[in-house]
Amino acid sequence: MIRLTIAALALASTAPVLAATHTIAPGEGAQERLQEALILAQPGDEIVLEAGRFAMLDGLSLDVDNVTIRGAGMHASVLDFTGQQGSGEGLLVTSDGVTLRDFGVENPKGDGIKSKGADDIVYHAVRVTWTGGPKATNGAYGLYPVESTNILIDSSEVSGASDAGIYVGQSSRITVRNSVATDNVAGIEIENSRDAIVERNFVSRNTGGILVFDLPDLPVMGGGNVLVRNNLVAANTTPNFAPPGNIVAGVRRGTGIMVMANENVWIGQNLLYNNPTAPIMVIAYPLAFDDPDYNPYPRAVTVEWNQVDEGGKDPQIDGAAQLLAAFGGALPPVMWDGLVGDPESIALTVHPDIAGWTLNLTEQGKGMEGARPAPLDVGVPGGQIAIEGWGAGAELEARLK
Amino acid sequence: MKHAAILLGAAVLALGGSIAAYPALGATEPVATVSDAAVMDGFPATLADYGFFSDAPKQQPAAGVTPYRLNTPLYSDGADKLRFVYLPQGQRPTADGEGLLRFPVGSALIKTFAFGEGAERRLIETRVLLHRAEGWEALPYLWNDEQTEAVLALVGGRTQVVTPEGEAISYRIPNKNQCKECHGLEGAVVPIGPKARNMAAGWLKAVVGSVPAGADTMPRWEARAQVPVEAAARAYLDVNCAHCHRRGATASNSGLDLRWEQRDPQAFGVFKRPVAAGRGSGGLEFGIVPGEPHASIMVHRMDSTETGVAMPELGKATVDSEGLGVVARWIEGMAK
């Protein structure tokens, strides 16, 4: 009864009252002590992980709004899931207003940290690492917010994910910034999501660096309004180690920034080096589908000025040798499949200083059939992009202090 | 609060028409009655606090607590499951077509998991779902080794059990949050099991007062060999998978919808590509490939016990070979 009263008070006030701090030390019973604290927490409470390694035997979960989980640093407080026996992820968050900060997660059997239907969430300085490096047996996603609105991922690190390191799916109002994604199949992926900003990240040694995808047959489709700027996307040369069957298993080693079936995507001011298949790739969804609500084509994709090297010097593409010979040793940095849905719409514009090439495909869902590669001949970007309402809200920023 | 509960209990006794339905209770014996206060508020520390049983170790229900069964049950490593519903004095659930019964506030669903037969039977846990004013609350209770008492285990736990197949496993008692992973729908906790289509008409007539259209249509699992394999498989998937694999539930983002009423083959997996399966896909391209169970991700994941691959993610440490067989035969028989 007393607990209920406190919760009611907390709801009535803008600032949580009587917020409590629950400190959890590593050692005997850490799994139960931490999970119990996560269950019994009241809105506004903070769960503090002391420095040290926490041996986790099962997945953890949080379902209380406005709780902070805070460690002593992403390398100091480590939740070690090497011995995990159950659950699909290391930590599952299903409540709103949660802040996750300053702790690490190692070797979860499935995904690292998943937040589903969890609005207004901050991931700050959290780390998910599969310590054995890239392996198909690693979990799929490192940081995995899905079906959520208002997401800030800041100063975090993921490596070893067998799908995407930082994956945001079926969500809106997203910022992924100042983060490091290495040794994953996809470094950062924004999928079936809208109003996203991906900036100032370091994305290296993945199969593909930054992916902006829209897929059919999902509850949330129609991805778009994505800004990818000021990222360092370098040396994404790891052979694809995703289990076959997953969409990212089709990503070619050496892809820098890839856009598939989205609208209004702006790519500018990135540094793109040593992405030997394609520094920038813009394509339609390549497979057959029968979802009538799905648009498989990229629309209004803008490639503004980026600092980019000479392009695809070692492309993982059929006929690579002939293509390299035809283009003088390197495929120009922007690769397009040439597919256009609505002939009235503009699929792609590219800054005049950046060269490109097109496969000149004529039919969606038919693979490389009928490709007639040629230099890219598309228009140049016109003016500034309006990004008002994109990215996480400023109120999430305030929590970082 | 406790005092009030006792008084309330006494009032129920004095008025209780339903008590008379249990003539075994002699006038001199202490009469077990359910504590409505425990159902309605707080985290009662022991199962005994609720008074759901006149003899809990023997699973003898108290007055107002009625056993029920499901035509096709959810597989839990072969655990024997004893299901009961408590209804507040004078109230009944109402039917919502073939779907989930609507239980009045103050009701409780009680499910005990046991392994072993006869005198060897060992109670492992009792899960309660309490319909409170603010919604359903799910709480797990763990039985002690002496089998005398079950205590609240908010964080769940693990225990060694031997399944009916003779397999020794580490059995997971779910924590309070994990209860919601299966029981969550559109952000609220809801019951999963008692759907009219999966319950006996006779029970519904007696307890609900009527048999709604579409009731009792899912096959009895023990009769699975005598019904069309599609019915058995779809019932199995509805009961074992669809509480997560549907819109608004835990696995909604997979796009897979395994509910009984879903008629779109792609929605229930036919030539549906994986979305977030990761290594769970096992290198396969589609949820279901008609005629080819071994090329179907559904079969691959049901046939696994490996964390990160195995489905369901919770409440399963062993492969349900019977359930797997039914689903595999259904896929095998689909027209290519």
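Some housekeeping. Residues are numbered from 1 along each chain as its sequence is written, and chains are lettered from A, with ligands numbered from 1, in the order in which they are written. Because the model is predicted, local features need a pLDDT of at least 70 and side-chain atom pairs count only at pLDDT 80 or more, while totals for chains, interfaces and linings use all residues.

I start with confidence. pLDDT is the predictor's confidence in each residue, from 0 to 100. Chain A averages 93, and 96% of the residues score at least 70. Residues 1-16 of chain A are another matter: pLDDT stays under 50 there, and the model has 14 contacts beyond four places in sequence for them. A contact here is two residues with C-beta atoms, placed from the backbone, within 7 Å. Where pLDDT is low, the predicted coordinates should not be read in detail.

Now chain A as a whole. Chain A has four helices and 32 strands; these are DSSP runs numbered from the N terminus, H or I of at least four residues for helices and E of at least two for strands. The radius of gyration of chain A is 22 Å, against 21 Å from the globule rule for 401 residues, so chain A is as compact as a globular protein of that length. That radius is taken over C-alpha atoms, and the rule is 2.2 Å times the number of residues to the power 0.38. The C-alpha trace spans about 75 × 40 × 40 Å along its principal axes. Of the 401 residues in chain A, 58% are buried. Buried means 20 or more other C-beta atoms within 10 Å of the residue's own, exposed means 12 or fewer, and partly exposed is in between, with C-beta atoms placed from the backbone.

Next, the sheet in chain A. Twelve strands form an open sheet with mixed pairing, in the order β4-β7-β9-β11-β14-β17-β20-β23-β26-β29-β31-β32. Strands count as paired if DSSP finds at least two bridges between them. β4 (60-62) and β32 (374-375) of chain A are at the edges with a single partner strand each, so one side of each has no neighbour in the sheet.

Where do the chains meet? In the model, 35 residues of chain A are in contact with 32 residues of chain B. Helix α2 (residues 30-40) of chain A gives the most to chain A's side, with four residues.

Over to chain B. Strand β5 (residues 108-115) of chain B has six of its eight residues buried, so β5(B) is largely enclosed by the rest of the structure. On one pairing, seven bridges join β5(B) to the antiparallel strand β4 (residues 80-86) of chain B, and B:Phe84 stands opposite B:Ile110. On another, eight bridges join β5(B) to β6 (residues 122-132) of chain B, also antiparallel, with B:Thr112 partnered by B:Thr126. β5(B) and β6(B) form a hairpin with six residues between them, and B:Gly116 in the turn has a positive phi of about 95 degrees.

Last, helix α5 (residues 229-240) of chain B. Nine of its twelve residues are buried, so α5(B) is largely enclosed by the rest of the structure. Among the buried ones are B:Arg234 and B:Asp238. The buried residues of α5(B) pack against α7 (321-332) of chain B.
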